[in-house]
Amino acid sequence: MKRTYGGLLLVVAAGILVLLPGLNSADTQESQIAHYRNLGKAFYENPTTQLQAVDEFKKALDLAPNSARERLNYGLALLRAGKTPEGTAEVEKAQKMDPKIPHTWFNLGIVYKRESEYDRAISQFEQMVRLVPDEPVSHYNLGVLYKLAGKSEEAVRQFEITAKLNPNLAGPHFQLYNAYRQSDKLQDSSRELALFQEIKKSQAGAAIPEDLEWSYYAEIYETIEPKSEDLPPGDLKFEDHALAGNKTDPATAGLAVLDAEGLGRADLLAWCSDGAKLFKGGTTPVDNSGLEDLKGVISVTPGDFDNDGYVDLCVLTDGSAFLYVNQKGTFKKSPVQLPAGRFVRAVWMDFDHDNDLDLFLFGEKSALVRNNGTAGFSDQSDLSRL
């Protein structure tokens, strides 16, 4: 039987969703842990919900008390929520459980530095740069600590390494300016001062100032957990499963896999110029998804822009772009006004590093929309200012 490309795409996607082992089981321990992790991460990244992050990561830890990952993330959530003694204790435990995780060394180094325990902080950052030698912020903090400990030559070397690894950081150039000036290296000192001033000028008006106590390793630790060796190898097979209620135009069809209800289960969102439809578990159509009236759909891009743990949508139609808020599996059109124009693709990305998703819209005249949290969105389309 002849199949159209769009129809085949839907069939293959549905087959994958149905056949992945355990995908439709939300009651397994693994899916429960994943659920708590996802909610914890969403709450962790929102300054107004950090205590809720502590609760979610604690639930994950209770299910896997021997996991260094769960204990570390619980500790990081406590630290971010201002519970420093409790968080420090948990991160220290995680470090003993698995000393190869760089996140423990970085975050304990910052904690000890803030508490003026410089010897302990130095030990943490010395190990951190051994584990991740190309991470510039760790070298910078080690340089600051060496400087405080009176180890001037070692401090200068760390600042030089930092500037080489990331020339766009202003901090190390200012430190080198002072160090060279005190050593009567006037030419080097003048060069570093000029570099510092140039970088600070380029940073003027930045949404988030330079933070030299933050790095990738200050964030939640995520990794792929290995499956038990006792599990037999998977036997992957594909079957055709027709999607009930599907009338997709092959020429304009598109698909996205998302967990609409936050149940640890993959759902399928299919769209075309005729509209959009959500399929629970990849097979069951949802008649009250909130997307029934959509027409002329070009593209749909999932992204949790309000940090509530439920994936929201950016919907592009002929001539318009809309946001749809996920209310536990039902989508409601947001009153947010996005830039006018015909866009063909949307990408969610935290371009200003303020822990929420901003929106890039690509089309004849592309646009950047900044997420200001509870203050809404603002058009930042003058990309030359970034």
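These questions and answers go through a predicted model and the reasons behind its labels.

Q: What makes up the secondary structure of the protein chain?
A: The protein chain has 11 helices and 12 strands.

Q: How much of the protein chain is buried?
A: Of its 386 residues, 46% are buried. The accessible surface comes to about 20600 Å². Carbon and sulfur atoms account for 52% of that surface.

Q: What share of the contacts between residues at least 6 apart in sequence joins residues at least 24 apart?
A: The share is 45%.

Q: How many disulfides does a search of the whole structure find?
A: The search finds zero. To count, a pair of cysteine sulfur atoms would have to lie within 2.5 Å.

Q: Why is C272 called buried?
A: Its relative accessible area is 3%. Buried means under 20%. C272 therefore counts as buried.

Q: What about C314, buried or exposed?
A: C314 has a relative accessible area of 0%. The cut-off for buried is under 20%, so C314 is buried.

Q: How do you know that helix α7 and helix α8 are in contact?
A: Contact means heavy atoms within 4.5 Å. On the α7 side, the contact is made by Y118, A121, I122, F125, E126, M128 and V129. On the α8 side, it is made by S138, H139, N141, L142, L145, Y146 and L148. The residues of this contact divide into 10 nonpolar, three polar and one charged.

Q: How do the axes of α7 and α8 lie, and what is the hand of the crossing?
A: Helix α7 covers residues 118-131 and helix α8 residues 136-148. Their axes come within 9 Å and cross at roughly 145 degrees. The crossing is left-handed.

Q: Why is D312 called buried?
A: D312 has a relative accessible area of 0%.

Q: Where is D312, and what does it touch?
A: D312 is in strand β6, residues 312-317. Leaving out residues up to four places away in sequence, it touches T301, P302, G303, D304, F305, D306, Y324, V325, N326 and F331. The C-alpha atoms of D312 and Q327 are separated by 8.6 Å, and these residues are 15 apart along the chain.

Q: What makes Y324 a buried residue?
A: The relative accessible area of Y324 is 7%. That is under 20%, so the label is buried. Y324 lies in strand β7.

Q: Which residues does Y324 touch?
A: Setting aside residues up to four places away in sequence, its contacts include G290, L291, L294, F305, D312, L313 and V315. F331, K332, K333 and S334 are also among them. Y324 and L291 are 33 residues apart along the chain, with their C-alpha atoms separated by 8.8 Å.

Q: Why does L294 count as buried?
A: Its relative accessibility is 6%. Buried means under 20%, so L294 counts as buried.

Q: Where does L294 sit, and what is it in contact with?
A: L294 is in the loop between β4 (284-285) and β5 (297-303). Apart from neighbours within four places in sequence, it is in contact with D274, G275, A276, V315, T317 and Y324. L294 and A276 are 18 residues apart in sequence and 6.4 Å apart in space, C-alpha to C-alpha.

Q: How do you know that T49 is buried?
A: T49 has a relative accessible area of 12%. The value is under 20%, so T49 is buried. T49 is found in the loop between α2 (29-44) and α3 (50-63). Leaving aside neighbours within four places in sequence, T49 is in contact with A42 and F43.

Q: Why is S116 called partly exposed?
A: S116 has a relative accessible area of 45%. Buried is under 20% and exposed is over 50%. The value for S116 falls in between, so S116 is partly exposed. S116 lies in the loop between α6 (102-114) and α7. It is not a glycine, although its phi is positive, about 65 degrees.

Q: What makes K328 exposed?
A: K328 has a relative accessible area of 60%. Exposed means over 50%, so K328 is exposed. K328 lies in the loop between β7 (320-327) and β8 (330-333). Its phi is near 55 degrees, a positive value in a residue other than glycine.

Methods:
Residues numbered from 1 in each chain as written. Predicted model: local features only at pLDDT ≥ 70, side-chain atom pairs only at ≥ 80, totals over all residues. Heavy atoms only, no water. Helix = DSSP H or I, 4+ residues; strand = E, 2+ residues; numbered from the N terminus. Buried < 20%, exposed > 50% of the residue type's maximum accessible area, 1.4 Å probe, protein only. Areas by Shrake-Rupley, 256 points an atom, 1.4 Å probe, with all protein chains shown as cover. Axes fitted to C-alpha atoms, helices over the stretch in contact; angles between N-to-C directions. Left-handed = near helix turned anticlockwise from the far one by under 90°. Nonpolar A, V, L, I, M, F, W, Y, C, P; charged D, E, K, R; others polar.
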